[in-house]
Amino acid sequence: MTAISRRLTGARGSRQGMWMLPLLIALAIALWLSLETAQFLNGENLLNLVPQAMPLVITAVGQMFVILLGGLDLSVGSMISFTTAVLALGGPAWVLIPAVFALAALVGFSNGFIITRFNVHPIIATLSTQYILLGITRVLRPVSGGTVPDIVISAVAGSFLGVPMPVFWGIFILAVAWKLLYGSRFGLHLFAIGGGVSSGVEDAAHNFGIADRRNIVLAYVICSCFAALAGVFLAGRIVSGDPNVGLLFELDAITAVAIGGTQLSGGIGSLHGTVIGALVMALLANGMNLTNVSPFIQTTIKGAILLLVVALQSRKKMGL
Amino acid sequence: DDVSLLDGVTARAGDNPTVEAGKFKKDPPWVIGMSHFGVNANTWTVQVAHEAEAAAAKDKRIAKFILLDAGFDQKKQVADIEDLIAQKVDAIIVQPVTSTSADASIAKAVAAGIPVIVHTGRIESDAFTTEIQGGAEHFGKVMGDFLVKELGGKGNIWVLRGLAGHPEDTNRYNGLLQALKGTDVKIIAEEHGDWQYDKAKKLCETLYLNNPEVDGIWSSGADMTRACVDVFKQFGAKIPPITGEGNNGFFGQWIADGFKSISAEYSPAQGAAGIRAAVALLEGKELKKHYDYNPPGWDIEKVKKYYRDDLSANVWWPSELPEDKLKEFYAKK
Amino acid sequence: MVARAADTRARATEFPERSGACFVKTLVEMSDIRKAFAGTAALKGVSIGLQSGSVHALMGENGAGKSTLMKILAGVHQPDSGAILLDGRQVAFHRPKDALEAGISTVFQELSLLPNLTIAENMFLGREPTTAFGGVDHRRMRREAGKALAELGLTLDPGTLVSMLSIAERQFVEIAHGIMTDASVFILDEPTAALNAADVEVLNRHIRRLKDEGKAVVYISHRMDEIFAICDTVTVLKDGELVGTRSLAEMTPAALIAMMVGRELADLFPQRGDAPGPAMLSVEDFRITERSKPFSLELRRGEIVALAGLEGQGQQRFMRSLVGQYHPFAGRVAIKGKSLPLPVSPGGGVRRLQAMGVGFVPEDRKEDGLFLGLSVAHNIAAALHSKRSELALAAGYQRQIADTMSSLAVKASGPGAAVGTLSGGNQQKVLLGRYLAADIDILLVEEPTRGVDIGAKSEIYRLLRDFAKKGGAVLVLSRETVELIGLCDRICVVHNDTIVKQMPAADATEHNILDAALGANGEASGAGGERR
Amino acid sequence: MAAAFANPVMRRLLRVPPAYYVFAVLLVVLWVARPNMLNLNIMGIFVRQIVPLGILVLGQLLVMRVRSIDLSGGGVILLINYTISSGAFPGASMAFFIVLALAIGLAVGFFNGLMVGVRRVSAVIVTLAVGIVLVGIVQYLSSGKPPGDVPGMFADIYNTKLGPVPTPVIFWVAFSAALSLFLSRTVFGRYVTSVGENVQAAHFSGVPVARTVVLAHTLAGLFAGIAALVQTASIAVGSVRVGLDLPILAVAATILGGVVFGRGEGGVWGPFFGVLSFALLFVVMTTFGIDEPGKLIAQGLIILLAAIFYGIRQRSS
Ligand SMILES: Nc1ncnc2c1ncn2[C@@H]1O[C@H](COP(=O)(O)OP(=O)(O)OP(=O)(O)O)[C@@H](O)[C@H]1O
Ligand SMILES: Nc1ncnc2c1ncn2[C@@H]1O[C@H](COP(=O)(O)OP(=O)(O)OP(=O)(O)O)[C@@H](O)[C@H]1O
Ligand SMILES: [Mg+2]
Ligand SMILES: [Mg+2]
């Protein structure tokens, strides 16, 4: 019994963070919804749920890479808006799509470079990037509009072999993230660097001969590229470019990561936890709509549930 | 036509298709869903929600009115409309977050046989069933024309814009530019105050201290006008001609201080108009596809008729809220 | 070819070697190394040569520059001037990775494992084997890590997170990481600071293996016996300068100490105390866990009592349950006659005990003890401030700080110096100083001299004895048996979560302590009446 | 070169937080472009605009020094603004509202503190969630009763001056000075420093760690309540959306002022000048008529460049 409760709440002796409790909460919400409303389990709604959750899942997974390092990327919201704006500039898809990822990589590189080489706090570095990118986005696209390449729209809204495209996105993203995090030396080194940061010995991993700066930069590049991917997905979903679409997305992403048990001080966390965290948030939004919870009280409920989930995740360490 | 949606709303002239009678006819009770772009943008948007709820409550045939709040989040609006479709509501009213965000899901709703009414925000697609659109350009132009007239076609103005990137902001501003075309009225400062009192106050203070010489102020409305008037009063300066909109607080200020102004009309009762359009469609009445809401500006005389000293600054005129609701919501105690 | 071999041999003969077993050559030469930190010189032109098949001791007082010299060789610091020759070729290491790749493997003095990685991951960090798909080959890592641990006599699961390990276990993992690798130079910077005698023997076996394989080993330790047991050559540093390099065959401990300290050290340990006074701390029927046997313990005024035993036998758990870190199963504790209700609260235990005049000095000074980034003054005054309420005005305590620094002979540029820049021994003095300054009459000390040089050790012993003589009482927990015998009045040997034997320190020998600690002594386990 | 860096005066100078020179540079720019604006009257009004942020920052720096963060300030401000303007307490006196605001702030801060210091929950998420709940409460309440007018005396006090300087500015400066003294002179200040440097070591040297964190958060909540009063007085009307971007700005100003998680090199005055820099930045950009996108880009670049400059200098020392 104590073993179970330990696993649920503490997960000491594992670096995955506490993900089981959020999983239970996600299941509880799903169970409540399927009992409460007939529509929840209907195929249409379940198919809605996947694309509704997808941008958050993508962004949160990207954000997780930098959070594992003990970093933070506040620029992902702007990156998403920026991506939709670039995609809606008009032009052939084979130019625009590689271009957005090249630009995202550049932004991520610049974040990482500034943080590692110039000793700038991640919050300051990425907050500045957030402002700068938003400014550029507003120049490119003062108001929403423009047309997104057809291929992007069909890649989001279409289906293949009867399966809606977002499902493939999900599989692809999880596979890439899984390979990066668990199937490579890079992933292990991320945990190592984060472990050093969270235990207060910033260069512990460096002393093991790990190319830490390079790995940190890489993590920020990955985070930006995932945000760009979320931007592409959203552009396909809203069928236009929009300077405000990513507004406050960074906070949602960070919240999803934290709900999933990843610790913001670095070194502890998991991919599945992050996905669960994003699902909890999406289920909550969907559930409250389906059960006709008054929009006036939805925010409170959302906040209260967040509070509950994190309050149950007490940790050994105090802080962020 | 026999459907009256709202005072000042007329069917658009020119190419305007008809939604044929009976197309969406359904026996009551009805379930009507509404996707609001952001209830808590400001007190005006709150009132729109209240006007819609009150109108829905008045019609006994509406069994259920589902209000969803996108909170300015287009992703959420798309999800909200999808959720409404999943719940098989009989009609969907959309206040779009942006001109394109809701397009795909509106098309989905229409494909599912659900009529879609769009108001307070134009969209690029025309997949919807019917729309009631207050012309943002018209709104801006009414204000611009007033300034041009007051200034005798010549002078320097400040421009206080709303939320950057919001279509309403851009369109109102475009209306101003139309009004200024060919005149000698020059914009010497142009800033975004996000339609908020505190931001606008900071802006006006800064602009004033930079250079108090200004002949007129074009304010994109909401609480910004009141903030700017307060700044001039605080410095003991003469208030230049300034534009405003139908806010009770602003009305009180205008009446008390007697500066030159105009109030462009943009009624929160558009929320009720949306409900009436939905009901008309479900009753099987014939509607046009496009309705315009381009009322003239209000002068001080009209303002005096509407102003209510016993209500707080946060009521917006004209309103269709019944007296008891007005009292309940806004009474100053 | 011939010329090169002759050349090497010629150089090798400059350094006489005790072990003639294999072909001896100079692997590393560091010459005239200088290094300054923020203005203060840590190394002032030190030269040293490391031979293959030889264990080279590096000795000197705290702050002499031993770790700095080795960190330069390990690529952590870059020298301000001087040259490093590796196999006769000049090299420059810009980061640790460069040194690793050049075949220099280091066990650093400060524990620096990553707590969130497993033992296996820590051991292979930076050089993980990969699978055909480019992923980390966890299976192989665990297998090989398990083998390496077994060779060091440990039965830990290589999949355990390091955060779950005790300090000694971590130290072993660190050693395993350092020595179970394919390198030609091994640096061990105080590897035994957290180890007890039995563990040290295991380590020594491996060092001898490395030596037999023709590797060069640098061994830094403040424990004289270890140096004489396994080292061939010794280099002594003092204040960043080279005192000399000698073959250990021609040295005696006294001569070595004189070389380090610059004078003969009369007595390492101070005179024992007189007859002890009334009980200060009494523990009755204490049971650490549900299954452990009860024990009682009395600590009297003027007494220094030791808790001895093998690693993880419960001595630390007992001490820390007094400050609330663990909940003991049962027992009664009285401090100066006032009873201390058990369990003590985990958050407020330390404060409560301080209010009763008891100070607890934690073993891990870096993690649990010091504020490395803050000044010496702040570190010393911390416990003084803790006695007062939040809203009280903070006194400067200049006098207490100055007194403490001078009575402990803390070597620092002043009270404003950050503690993190002091050497290990001086850090330890600051830590002890904090509690000595705070008007406390019972001290619970874990590892009073971990990583402390012989001169400072002797000072710390004297400090603790003076403290006892002035009416205090000390309970000490240490892995160094010699230290316990020399310092204490009475020794309690802990085995299996209970005290199995108490003896006057005057009668104790390393042998009979180890006997009791191993539980070999039938009387202890028999008399208590085993339940199963 | 190394000797120059070793000089204690030099080392101190190298540690001057970026906020100071951002402020200095902006002041020079303004002095060149609009010398007439550099007088006490005008500057007083500019500074008054950011007093709510300034007060919020005082709380933020306190919690950041104990390695925590408080993102709930926006929610506190909104809730207090709503409570005062909703007319739910007809005829209540100024004192009543002040007590009410402080009580709300204290309660929220105390809750945050318990969660972070005792439960040891992630500070970012807890305070973010608390902020969301508070905003949600206002949204819920305003559906029943939208916010209305703020009692006139708030604006009256807000508009008073002491000599040429607006009262809110004097209040802020005095408040900052008081906090600065409080932190440097009391035992609590030492506790904060200890906990920020090393929680474990603080615990073992007898610092009441949890209590220190709870107290820091409680004070931050209290300060948010005070910031809310000033903010409410400055807008004189109820709102459903006020002050929501303040917490993240407060974090940025605090870091610019040299206080990062656990370390407080900039003390209280570093963040103070961080806030002043933001005030001047706004004025300079408005003065130069920089448009919205330009403002964003310039703001981002200036913060970034300052931080990079500081980072490089710190590294070289
Ligand atoms: N097979 C792999 N799969 C995933 N990531 C890898 C792999 N190999 C290396 N990396 C990542 O790339 C980084 C660089 O690794 P590598 O060992 O090549 O360093 P290096 O080129 O020697 O670096 P430096 O030149 O900085 O010393 C590693 O820290 C690791 O995170
Ligand atoms: N990173 C650093 N910054 C500033 N000063 C340092 C740093 N590292 C070491 N020093 C200083 O250099 C000198 C030598 O320290 P070092 O750690 O090499 O001593 P040591 O001989 O290893 O001592 P110990 O036996 O206590 O470990 C000391 O005075 C120390 O304060
Ligand atoms: Mg050392
Ligand atoms: Mg390499």
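A salt bridge is taken here as a side-chain nitrogen of Lys or Arg within 4 Å of a carboxyl oxygen of Asp or Glu. By that rule, the count between chain A and chain D in this predicted model is zero salt bridges. Polar contacts do cross this interface, with four residue pairs found, both residues at pLDDT 80 or more.

Chain A brings 45 residues to the contact and chain D brings 51 residues. Together the two chains bury about 4,100 Å², with 76% of that area on carbon and sulfur atoms. On the chain A side, the residues that lose the most area to chain D are Tyr131(A), Met318(A) and Leu320(A), which together account for 18% of what that side buries. Helices H5 (93-117), H6 (122-140), H12 (249-259) and H14 (295-312) of chain A are the elements that each give two or more residues to this side. H6(A) gives the most, with 12 residues. By class, the chain A side has 27 nonpolar, 12 polar and six charged residues.

Chain D also meets chain B, where 34 residues of chain B are in contact with 38 residues of chain D. The area buried here is about 3,000 Å², and carbon and sulfur atoms give 53% of it. In chain B, Asn40(B), Leu209(B) and Asn210(B) lose the most area to chain D, together 20% of what that side buries. Three salt bridges are found across this interface. One of them joins Glu191(B) to Lys295(D), with the closest N and O atoms 2.5 Å apart. Polar contacts between chain B and chain D number 12 residue pairs, both residues at pLDDT 80 or more. Among the elements giving two or more residues to the chain B side are strand S9 (184-192) and helix H6 (197-210); H6(B) gives the most, with 11 residues. This side divides into 13 nonpolar, 11 polar and 10 charged residues. Chain B does not touch chain C, their nearest C-alpha atoms being 36 Å apart.

Within chain B, strand S14 (residues 290-293) pairs with two strands. Strand S1 (residues 9-11) runs antiparallel to S14(B) and is joined to it by three bridges, with Val9(B) opposite Tyr293(B). Strand S7 (residues 130-134) runs parallel to S14(B), through four bridges, and Ile132(B) stands opposite Tyr291(B). In a regular strand, side chains alternate between the two faces of the sheet. In S14(B), His290(B) and Asp292(B) point one way and Tyr291(B) and Tyr293(B) the other, and all are buried.

How values were computed:
Residues numbered from 1 in each chain as written. Chains lettered and ligands numbered in written order. Predicted model: local features only at pLDDT ≥ 70, side-chain atom pairs only at ≥ 80, totals over all residues. Heavy atoms only, no water. Contact = heavy atoms within 4.5 Å. Buried area = accessible area lost by both parts, 1.4 Å probe. Polar contact = N/O pair within 3.5 Å; in protein donor to acceptor, adjacent residues only side chain to side chain. Nonpolar A, V, L, I, M, F, W, Y, C, P; charged D, E, K, R; others polar. Buried < 20%, exposed > 50% of the residue type's maximum accessible area, 1.4 Å probe, protein only. Pairing = 2+ DSSP bridges.
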